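This report covers a two-chain model.

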Amino acid sequence: MKKKMGLALEVAEAFDIPPEAAAGMPKLTITGCRRALIENHRGILEYSRENVVIKGGRVQVRIWGEGLELKAMNKTDLVIIGQIFSVSFD
Amino acid sequence: MERIIDTILGYVRIEVSGVRPVVLLNLCTDSGVRFWAVEYVDSFTLRLIIRSRHLSRLEDLARRGQCTVNWVKPCGFPVHLKKLRRRYVLIAGMLACLGALLWSSLHIWEIEVRGNEKVPTWQILGALDECGVGIGSFWPTISTEGIRSQVQLILPELSWLTVNVTGSRAEVIVRERTPKPEIVDEKAAYDIVAGKTGIISEMRVYRGVAAANVGQTVLAGEKLVSCYVPSSFAPPRLVHALADVTARTWYEITAAAPLKYWEKVYTGRESTKYALILGTKRINFYLNSGIPEANCDKIITVEQLKLENIFALPVKLVRETCLEFETRTVSEDRDRVRSRLEARLMSNLLERIGREGKVVSSDYSFSEKNGLLTVTLRAQCTEQIALEQPIAPQ
C-alpha cells in the first residue's frame, strides 16, 4: 500500500498533477498565524487547546498553538482557529 | 449566511464527554452531522453546536462512540417562538401590525410628480385626485391608461403621463405638450404699422409699398408699408407686407422707492406645536387654533415615516415652529436706493426696446418728497418699430 502511495506521489509530481488529488495527500493552508484550513483530511486523532492532530492518509499533521478551536469540520475539510505556533508532520 | 439559516432553523449547544470524545467528531463527519464551534473543556469533555434536527442522530452516534451527552441547550428562532406560544395578546398585536402593514402597502401615501416645468405640481395633483389617484387611494385598481386619458382631458397641456407605484409610493411622470408655433400666412394681406412713436432712421421694404419715408415722424399705429401693390395693367394686388423699419424713439420712465422701510427683528421667543396626520386625518396636539397671536413667522416641517423611494406609511408628523418678531423702521442709504432704482429703470428700458434696440443716450433726474425718492430716466434709443397688422376685411 505504502509503495502504491509512493508511486502515485511520484507520478503526480512527474506529471505536475496536484498530489492532494492524485495521492490523497492533505492540503494545509495557513492564513497568518490565526487560521489553518486542512483539506483532504481523514479525521481528528487528538484535540486540545494546545495541540490538534489530524489524520491525513500517510501523514499526520500536528498543529501546536494556544487557544486552538475547531471552528468547522466536514468530511473533507476542517478549519482550526487560534494562535498557531508550529506545524509538524509525523 | 449559513449562521442566519442556522438561527432561523434552530440549533443546540451540547456538551459531550467520553474516553475519546474526538471519535464522536469523526463519526459526525462520516454521518453527515454538521457541527461547528467545537470547544475544548478537558481531555474527556467537548462542547459543540449542531442543528436541532441532528440531535437524535448525534445521540445515537454518541452511544456508538462511547460518549454521553451531558446537557443540551436549544437556541435560535424556534426557541423564541416557543416562548411566545402562550402570549396571545402579543401574537394578536403582531398579526394586527402585519395586517396594517399589508393594508397600508396597498394604498398610496406619497405622490411625487416629476417632469413638469410649466404646469404646476398642485394642478397635476388636483387633476389626479379628480381621477381617483390621491392620498389613500387603493392602487391595485388604478389603470395607468385610464388615468392618462382622463388627466389629459382635464389638463390638455400634458401630452403624456404615467403612474408608477412602488410599495405605497406613487411616482407620476409627466411630459408637457410643446406649444404649436405661430404659422405666418404668407398669402394673407398684412400692412406694416409703427409699433411705437418715433422718427424713422432706416427703412428696408422687402414686400409691399412704402407709406412713410426716412426722417419722417410717425405715431404708434401709423401705416409704414401698405399691402396694396398697384399695377398698371391689373387691379392692385394684396400682399403680406415685409419690412425692417428702424426709428429713433424716446422714453421717460419713472420709479420711486421709500427711503425708510420696516425690518423684522426676531425676539428669540419661539413656540413649537405638533400634529399628526394619519392618512388624510389630522390630529392636533394643541388646543387653540393654529393662527399665531403675535407677529411671527411660521415654519412648518412635515416628516413622513418612509423608506426613501421604496415605501411610505400613512403617518406624517407636522411640526409648526412660530418665531416671534418685532418690526422697526430702518433708514436706507440714499445713494444705494438711487443706484438700485437706476438699475431697475435701465433693465426695464432694455426690456422695452428688445434685443435689437440700442440706447443712444440716457439721463437720470432725482427728486425727494415725503420720504420717497423718485428717479426718472429719459433716454433716446434706436429700435425696430415695424409691426405686422392684418387689414380689416372690406
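## Where the chains meet

Chain A contributes 14 residues to the contact, and chain B contributes 13 residues. On the chain A side, strands β3 (43–47) and β5 each supply at least two of the residues that touch chain B. By class, this side of chain A has 6 nonpolar, 3 polar and 5 charged residues. The model is predicted.

Strand pairing also crosses between the chains. β5(A) is joined to strand β2 (residues 35–42) of chain B by 3 bridges. The two strands run antiparallel. Within this pairing, Leu70(A) has Val38(B) in β2(B) as its bridge partner. In general, strands of a sheet pair through backbone hydrogen bonds, in either a parallel or an antiparallel sense.

## Glu66(A) on strand β5

β5 of chain A spans residues 59–73 and includes Glu66(A). Is Glu66(A) buried or exposed? Glu66(A) counts as exposed because it has 10 C-beta neighbours inside 10 Å, and the cut-off for exposed is 12 or fewer.

Which residues does Glu66(A) contact, leaving aside its neighbours within four places in sequence? They are Glu50(A), Gly82(A) and Gln83(A). Ile84(A) is 18 residues away from Glu66(A) in sequence. In space, their C-alpha atoms are 6.6 Å apart.

## Chain B

Chain B has 394 residues, and buried residues make up 19% of them. Its secondary structure consists of 8 helices and 22 strands. Among the contacts in chain B with a separation of 6 or more, 69% link residues 24 or more positions apart.

One open sheet in chain B has 4 strands. Their order is β10-β12-β8-β22, and the pairing is antiparallel. Which strands stand at the edges? They are β10 (209–210) and β22 (386–390) of chain B. Each has a single partner strand, so one side of each is left without a neighbour in the sheet.

In β12(B), Val225(B) is the bridge partner of Ala210(B).

| Strand pair | Sense | Bridges |
|---|---|---|
| β5(A) and β2(B) | antiparallel | 3 bridges |

Notes:
Residues numbered from 1 in each chain as written. Chains lettered and ligands numbered in written order. Predicted model: local features only at pLDDT ≥ 70, side-chain atom pairs only at ≥ 80, totals over all residues. Buried ≥ 20, exposed ≤ 12 C-beta atoms within 10 Å, placed from the backbone. Contact = placed C-beta atoms within 7 Å. Pairing = 2+ DSSP bridges. Nonpolar A, V, L, I, M, F, W, Y, C, P; charged D, E, K, R; others polar.
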